[in-house]
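Here is a short briefing on selected packing features. Please view it alongside the model.

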Amino acid sequence: MIFNAFLKAVGQLTDSRFLGVLGLGILLTIGLLVGFYAVFAGIVGWFVPDTFSLPWIGEVNWIDNALTIAGIPLMLVLSIFLMVPVSSAFMGIFLDRVAEAVEDKHYPGHPPARGLSIGEALVDVAKFLGILTVVNILALVFYLFSGPFAPLVFWVVNGILIGREYGQMVALRRHDARGAAEFRKRNRPTLFAAGVLMAVPLTIPVVNILVPILGAATFTHLYHMLNGVQRSPSRTA
């Protein structure tokens, strides 16, 4: 079921509404990375002198440039952690656009969702970002001491969080808070597995930019599948 939902999401990536959200995601991610890189370069420039002398070597004037260049791969690594909150923020802000595109193509006969108000989305995203930040800071200790198993820890921790949040947000489009919570609790194992599936590409720079869209689409499919909604014949996107 999960891979079926994921493959349907991948197959709709060329949808114009998907591409619109993807473009915004790329701009936001690039903007954040450039901002972090500028801060990093500024810190290097502040603390590392342009030139200094070393015994037996003489004058050295390339350290600051080397550190600045080294910041590029550092930013790619940082994007792994940056895309977790970015993914959550996009889930809240652009969920309806992606979910509606999925339902228009795959479930056209289903009643329209009530949607999420901006207030509801922002409150839910703010709560989740708080939980996400605290949990990942606490999990950082395990990342450092788990060695080669650090990616597994990352996937499990964020799989739990992503599965919970995406499942909750998708259900809130058609239920009140109580109904959405019941849906999430009733389908916890499936949502966790889907969350791990979304967490894995988060650890791949560049590819992780697709996660917010694929996550929203995959969990929209899962919501309908888990509630027994029959897929209607697809319409041309």
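**A loop residue and its contacts**

Apart from neighbours within four places in sequence, Leu-13 is in contact with Phe-18, Leu-19, Ile-213 and Leu-214. The model is a predicted one.

**Leu-13**
- Leu-13 sits in the loop that lies between helix 1 (2-11) and helix 2 (16-47).
- Leu-13 and Ile-213 are 200 residues apart along the chain. Their C-alpha atoms are separated by 8.3 Å.

**Helix 8**
- Helix 8 covers residues 211-226 and has 16 residues.
- At 1.5 Å a residue, helix 8 should span 22 Å. The C-alpha atoms at its ends are 21 Å apart, which agrees with that value.
- Helix 8 is mostly covered, with 15 of its 16 residues buried.

**Helix 5 against helix 6**
- Two packed helices are described by the angle between their axes and the distance between the axes.
- Helix 5 (residues 150-172) packs with helix 6 (residues 177-186) at an angle of about 135°. Their axes are 8 Å apart.
- Helix 5 and helix 6 are therefore oblique to each other.
- The crossing of helix 5 and helix 6 is right-handed.
- On the helix 5 side, the contact is made by Arg-164, Gly-167, Gln-168, Ala-171 and Leu-172. Helix 6 contributes Ala-177, Ala-180, Ala-181, Phe-183 and Arg-184.
- The residues of this contact between helix 5 and helix 6 divide into six nonpolar, two polar and two charged.

Key. Residues numbered from 1 in each chain as written. Predicted model: local features only at pLDDT ≥ 70, side-chain atom pairs only at ≥ 80, totals over all residues. Heavy atoms only, no water. Axes fitted to C-alpha atoms, helices over the stretch in contact; angles between N-to-C directions. Helix = DSSP H or I, 4+ residues; strand = E, 2+ residues; numbered from the N terminus. Parallel < 35°, antiparallel > 145°, perpendicular 65-115°, else oblique. Left-handed = near helix turned anticlockwise from the far one by under 90°. Contact = heavy atoms within 4.5 Å. Nonpolar A, V, L, I, M, F, W, Y, C, P; charged D, E, K, R; others polar. Expected span 1.5 Å × (residues − 1). Buried < 20%, exposed > 50% of the residue type's maximum accessible area, 1.4 Å probe, protein only.
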